[in-house]
Amino acid sequence: MASTPVFCVLRAILTVIPVLAGFIVLFLMYYKSFPSPKCHPPPAHSDRLTKQANSHSTSAVTKQSNSPAATQQTDKPIMLLWFWPENKRFDFKDCKKLFNIDSCHLTDDRSLYSRAQGVLIFHRAILDDLSNLPTSPRPRFQRWIWFNVDSQSNTRRIQGIQGLFNLTLSYRRDADIHVRWQLTVKKNTDGDFVLPKKERLLCWIVDDSDLHTESGESYSYYRELAKHIHIDVFNSSSAGLLRGENYFLTISSCKFYLSFESSIDRDYITETFSGPLAAGTVPIVLGPPRRNYEDFAPGTSFLHVNDFANARTLAEFLLRLDKDNEAFMRYFNWHRFYTARRHLTGENHEFAHAICQACDHVGVTKEYRVMPDLYKWFFL
Ligand SMILES: *[C@@H]1O[C@H](CO)[C@@H](O)[C@H](O)[C@H]1NC(C)=O
């Protein structure tokens with residue numbers, strides 16, 4: 001029970017030494033931290049220096065951690081194309097080549113999902129049960145883009161997607177990304193317009209099996225018009241004939257072209273209108289009202305079926321213009337100020353312009369819109 005004196009002394013020493021050591025350490029710490037401005041003024045930009053050092057180290061880490069992707073990876077935001085529309089695939093490099101758009105890293109590689117700033121989702125490809133939409137959680141910075149180039153009447157109401165999107169891509173002028181082949185203002189007004197050689201008065205490219213059976217405004221108007229004037233009809237389903245260069249060659253050989261839209265909806269003014277403008281042919285439009293067309297092109301560049309009391313008076317007007325070259329040429333005056341660009345007619349490029357425009361948007365702006373109900377906006 002009683003400890004020996006030697007043991008007691010040892011125990012005392014062992015207790016005192018750590019306590020003493022503690023005091024010495026505390027004293028040294030206090031002494032060191034005591035501000036001594038005379039000797040060491042703090043660096044003026046210590047804050048900024050730290051931040052720079054941090055950003056260097058993070059970028060170094062990023063480069064190392066995903067070396068296979070790093071070869072093509074840049075600082076550009078990633079835009080993931082979730083579905084290939086109608087499986088029409090093109091080379092993403094064409095955005096740069098054809099439109100000089102290079103502001104995003106465009107990919108269809110779904111493994112990049114968690115890093116993608118934008119995910120472009122083609123409406124028509126979404127299944128009714130939504131089972132083919134991304135299932136992993138959406139990163140906070142990611143924006144989903146609703147990709148729909150169809151008219152209101154041709155858009156399927158898929159239930160459950162109304163609140164999913166942050167941006168819209170559509171032909172509508174009030175979409176975030178407004179896809180259209182627009183006229184561009186000429187920088188200089190020299191370079192005279194040369195009218196392409198004309199061999200026909202009035203043409204239409206259409207699936208001719210529909211011509212005599214289909215109801216619908218454009219077909220009934222055509223049938224009425226054809227009673228008063230000859231119309232050259234080219235069958236749109238004859239393969240290859242109207243693809244690529246042939247499309248513009250055919251249209252430019254006609255003085256007038258029936259730019260009849262398949263459905264009549266606000267802003268739904270498609271290549272069936274911009275194509276003839278670019279080909280040097282006067283479009284005769286059937287679609288939304290004239291003033292809607294004038295949002296996109298000069299009022300003197302086209303004829304609207306509603307400008308005429310009926311198909312017969314339109315036919316008479318065209319036959320008069322056919323004999324009056326000076327009056328006909330007035331429909332091309334706009335070429336002094338604007339250029340119309342030819343759309344891409346290659347089958348696989350059908351959606352390229354829209355996809356590249358989305359890439360451009362994601363690359364140059366961080367803006368997005370709160371879209372609580374997509375359909376309330378689109379079907380308005
Ligand atoms: C995008 O929209 C979704 C659904 O409304 C929302 O949860 C998300 O925060 C939005 N993301 C951004 C980056 O705005």
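1. How far is an oxygen atom of the ligand from a polar backbone atom of G163? The distance is 3.2 Å. The model is a predicted one, and the values below are computed from it.

2. A second contact to the ligand comes from a side chain. In N166, a polar side-chain atom is 2.3 Å from an oxygen atom of the ligand. The protein buries 58% of the 360 Å² that the ligand exposes when taken alone.

3. G163 and N166 belong to the set of residues around the ligand, together with R138, R140, Q142, R143 and Y368. Sorted by class, this shell has three charged residues, three polar ones and one nonpolar residue.

4. The ring is that of W144, and R138 sits over its face at 3.8 Å from the ring centre.

5. The next topic is the aromatic residues. The structure holds 28 aromatic pairs. One of them is formed by W82 and Y113, with 6.0 Å from centre to centre and 65° between the planes. Why is this pair called edge-to-face? The angle of 65° is over 60 degrees, so the pair falls in that class.

6. Where do the two partners sit in the chain? W82 is in the loop between β1 (78-81) and α4 (94-99), while Y113 is in the loop between β2 (105-107) and β3 (118-122). The pair therefore ties together parts that are 31 residues apart in sequence.

7. Are W82 and Y113 buried or exposed? W82 has 10% relative accessibility and counts as buried. Y113, at 4% relative accessibility, counts as buried too. The cut-off for buried is under 20% relative accessible area.

8. F308 and F317 form another ring pair, with centres 5.2 Å apart and planes at 50°, so this pair is tilted. F308 is buried, its relative accessible area being 16%. F317 counts as partly exposed, because its relative accessibility is 21%.

9. W82 has a further neighbour at its ring. R110 lies over the face of W82, and the distance from the ring centre is 3.8 Å.

10. Which residues do ring pairs link into a cluster? They are W146, Y171, Y268, Y375, W377, F378 and F379.

Terms used. Residues numbered from 1 in each chain as written. Predicted model: local features only at pLDDT ≥ 70, side-chain atom pairs only at ≥ 80, totals over all residues. Heavy atoms only, no water. Near = heavy atom within 4 Å. Polar contact = N/O pair within 3.5 Å; in protein donor to acceptor, adjacent residues only side chain to side chain. Areas by Shrake-Rupley, 256 points an atom, 1.4 Å probe, with all protein chains shown as cover. Nonpolar A, V, L, I, M, F, W, Y, C, P; charged D, E, K, R; others polar. Phe/Tyr/Trp six-rings, centres within 6.5 Å; stacked < 30°, edge-to-face > 60°. Helix = DSSP H or I, 4+ residues; strand = E, 2+ residues; numbered from the N terminus. Buried < 20%, exposed > 50% of the residue type's maximum accessible area, 1.4 Å probe, protein only. Lys NZ or Arg CZ within 6 Å of the ring centre and 35° of its normal.
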